Amino acid sequence: MVSLRSKAAPATSEIRVGLGKVLLVEDEALIRETVALSLADEGFEVLVADNGQRALEMLTGSADQRKGAIADISLIILDLMLPGMNGLDLCRLVRHQGMDVPILILSAKGTETDRVVGLEVGADDYLTKPFGMRELIARCRALLRRYQSKTKPDSKSVLKFEDIALHTNECQVFLSEKEISLSPKEFKILELLISQPKRVWSRDQIIDQVWGYDFMGDNKTVDVHIRWLREKLEETPSDPKYLKTVRGFGYRLG
Ligand code: CA
């Protein structure tokens, strides 16, 4: 289930749409490692802490470089039952210090009261163990999207690759400055691929990102949409310049 294949995803600020640096606070080594690998596989940069105190230091910086330490971290995934300072206290402290970073609580405690307490101390979402990795990743992406659109409404609104320009807010695509008409799914697939040119995406990863993790259909659907996209974008669809097939893996742009 955990793959290291795509860990080398490119990481310039231009193409890190929807991705960012995640701080994972979890004392159980197996969960910590599994979650960290899955997030890295999705293109996130992952920092880990095995207790609340260490996490707090990473968030606020050490005494000699306290300034701006938080600016880097875009999401915190927080276990509740931790040795020393527990997750709720850490969450409270983070909010008390005025840090506006999305927090997703992971916990074995799943009663309604626990969820309410978690959300009341400033967490944004709550996932009960045991959880599915795809659900965790989908929730992380949703939280980041919400925060990014709240804080940076116009950020990275035009994604470019060679002659293709994709305007995310206007949902328009231009090929050599001529607008081409795409269906919503075609647009989303292209938006995903252009967000990380050269990265190889498997059909399952494309399904997760474009259709959602609860999609029940066949992943051949991806092939059909790629074919339609090629007909609209490529000069010679049978010998594509942009939408390349990577045999045995999936697709990439460029
Ligand atoms: Ca724990």
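Let me start with the salt bridge between R92 and D89, where the side chains meet at 2.8 Å, N to O. This is a predicted model, and I shall speak of it as such throughout. R92 and D89 both belong to helix α3, residues 87-96, and stand 3 residues apart, about one turn of the helix. In an α-helix there are 3.6 residues a turn, so residues three or four places apart point the same way. R92 has a relative accessible area of 42% and is therefore classed as partly exposed; D89, with 33%, is partly exposed as well.

That pair is local. K232 sits in helix α8 and E186 in helix α6, 46 residues apart. How do the two partners compare in burial? K232 is partly exposed, at 35% relative accessible area, whereas E186 is buried, at 3%.

The other is E26 with K129, whose closest N and O atoms are 3.0 Å apart. Through shared partners, salt bridges join E26, E28, D79 and K129 into one network.

D79 brings me to the metal site. Which residues coordinate the calcium ion? They are D27 and D79, each through OD, and M81 through its O atom, at 2.1 to 2.3 Å. The spacing of these donor residues in sequence is D-x51-D-x1-M. D27 is placed in the loop between β1 (21-25) and α1 (29-41), while D79 is in strand β3 (73-79), so the pair ties together parts that are 52 residues apart in sequence. D27 is partly exposed, at 32% relative accessibility; D79 is buried, at 3%.

I turn now to the sheet. Its 5 strands form an open arrangement in the order β2-β1-β3-β4-β5, with parallel pairing. The edges are held by β2 (45-49) and β5 (125-128); each has a single partner strand, so one side of each is left without a neighbour in the sheet. On average, neighbouring strands are turned by 20° against each other, direction ignored. Between β1 and β2, which run parallel, there are 5 bridges, and V22 stands opposite V46 in β2. Helix α1 packs on this sheet, touching β1, β2 and β3, and its direction makes about 165° with that of β2. Helix α4, residues 112-120, lies across β4 (103-107) and β5, running at about 145° to β5.

A further element to consider is helix α7, residues 203-211, in which Q205, I206, I207, V210 and W211 are buried. What covers these residues of α7? The cover includes α1, α6, β10, α8 and β12. Just after α7, G212 adopts a positive phi of about 105°.

Finally, the protein as a whole. It has 8 helices and 12 strands, and 47% of its 254 residues are buried. Among contacts between residues at least 6 apart in sequence, 59% join residues at least 24 apart. The protein exposes about 13200 Å², of which carbon and sulfur atoms supply 51%.

Conventions:
Residues numbered from 1 in each chain as written. Predicted model: local features only at pLDDT ≥ 70, side-chain atom pairs only at ≥ 80, totals over all residues. Heavy atoms only, no water. Donors = N, O, S within 2.8 Å, 3.2 Å for Na, K, Ca; no water. Helix = DSSP H or I, 4+ residues; strand = E, 2+ residues; numbered from the N terminus. Buried < 20%, exposed > 50% of the residue type's maximum accessible area, 1.4 Å probe, protein only. Contact = heavy atoms within 4.5 Å. Areas by Shrake-Rupley, 256 points an atom, 1.4 Å probe, with all protein chains shown as cover. Pairing = 2+ DSSP bridges. Axes fitted to C-alpha atoms, helices over the stretch in contact; angles between N-to-C directions. Salt bridge = Lys/Arg side-chain N within 4 Å of Asp/Glu carboxyl O.
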